[in-house]
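I opened my notebook and went through this structure one piece at a time. Here is what I looked up, in the order I did it.

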Amino acid sequence: MIVSTLMAASLALTPVQQEVPRPVQKQAEYITTMLVICRPVTSPALWDEWLPFAVNDLGVTQEYIATSREVVAERDPYPVTETECLDALIDATEKLEKMLESDTDGR
């Protein structure tokens, strides 16, 4: 479900779009951080699908990813379950998809 939502969201981007709107980038960064937190309890495929899309299309920088990993590594492990992570990721990616659709509709 998450991967299909991500793929649908990627289709909403136009190839000529030069700059990612800041709210879209912030949402993409939020999802990236969630994936860093949830990585121990979710499939590596989620990260593998998300990372190129986030970096190439949504403006998430390698520096941001590295910082997220460092911050999460310094803290005690988050007590999350796979279900909690997947539910939160689905909500966040659906919000991102709506943001991308609105942006391409000119709203």
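**Entry 1: helix α3**

I started with the buried residues of α3, which are Leu46, Trp47, Trp50, Phe53 and Ala54. A reminder to myself: this is a predicted model.

Next I looked up the length. α3 has 14 residues and spans 20 Å from its first C-alpha to its last. That is close to the expected 20 Å, at 1.5 Å a residue.

Then I checked for bends. I found a kink of about 25° at Trp50, shortly before the proline Pro52.

I also looked at what follows the helix. Just after α3, Gly59 has a positive phi of about 80°.

**Entry 2: aromatic rings**

How many aromatic pairs did the search turn up? The count is one. The partners are Trp50 and Phe53, whose ring centres are 5.6 Å apart. Are these two rings stacked or edge-to-face? Their planes are at 80°, so I wrote down edge-to-face. The cut-off I needed here is that planes over 60 degrees apart count as edge-to-face.

Both residues sit in helix α3, three residues apart, which is about one turn of the helix. Trp50 and Phe53 are both buried.

**Entry 3: the whole chain**

I zoomed out. The chain has five helices and zero strands. Read along the sequence, that gives the pattern α-α-α-α-α.

I looked up burial for the chain too: 36% of its 107 residues count as buried. Then I checked the contacts with a separation of 6 or more, and 82% of them are between residues 24 or more positions apart.

**Entry 4: the nonpolar core**

How many residues does the largest nonpolar core have? I got 21. Val24, Ile31, Leu35, Trp50, Leu58 and Leu96 have the most contacts inside it. The elements that give two or more residues to this core are α2, α3, α4 and α5. The largest share is six residues, and that comes from α2.

**Entry 5: helix α2**

I picked out Glu29, which lies in α2. Is Glu29 buried or exposed? Its relative accessible area is 8%, so I put it down as buried, the cut-off being under 20%. Leaving aside neighbours within four places in sequence, Glu29 is in contact with Arg22, Val60 and Tyr64.

**Entry 6: the disulfide**

I searched the whole structure for disulfides and found one. It joins Cys38 to Cys85, with 2.1 Å from S to S. The torsion about the S-S bond is about -90°, so this disulfide is left-handed.

Where do the two cysteines sit? Cys38 is in helix α2 and Cys85 is in helix α5, 47 residues apart, so I noted that the pair links distant parts of the chain. Both are buried: Cys38 has 5% relative accessibility, and Cys85 has 2%.

**Entry 7: two loop residues**

I finished with the loops. Arg39 is in the loop between α2 and α3. At 37% relative accessibility, Arg39 counts as partly exposed. Arg39 and Cys85 are 46 residues apart in sequence, but their C-alpha atoms are 9.1 Å apart in space. Beyond its neighbours within four places in sequence, Arg39 is in contact with Trp47 and Arg69.

Tyr78 is in the loop between α4 and α5. I found Tyr78 partly exposed, at 32% relative accessible area. Setting aside neighbours within four places in sequence, Tyr78 is in contact with Ile37 and Val72.

Terms used. Residues are numbered from 1 along each chain as its sequence is written. This is a predicted model: local features need pLDDT of at least 70, side-chain atom pairs count only at pLDDT 80 or more; totals for chains, interfaces and linings use all residues. Side-chain values use heavy atoms; hydrogens and water are left out. Helices (H or I, at least four residues) and strands (E, at least two) are DSSP runs, numbered from the N terminus. Buried means under 20% relative accessible area, exposed over 50%, partly exposed in between (1.4 Å probe, protein chains only). Contact means heavy atoms within 4.5 Å. A nonpolar core is a set of buried Ala, Val, Leu, Ile, Met, Phe, Trp, Tyr and Cys residues joined through side-chain atoms within 4.5 Å. A disulfide is a pair of cysteine sulfur atoms within 2.5 Å. The expected span of a helix is 1.5 Å times one less than its number of residues. The bend at a residue is the angle between axes fitted to the seven residues ending there and the seven starting there. Rings of Phe, Tyr and Trp (its six-membered ring) pair if their centres lie within 6.5 Å; planes under 30 degrees apart count as stacked, over 60 as edge-to-face and the rest as tilted.
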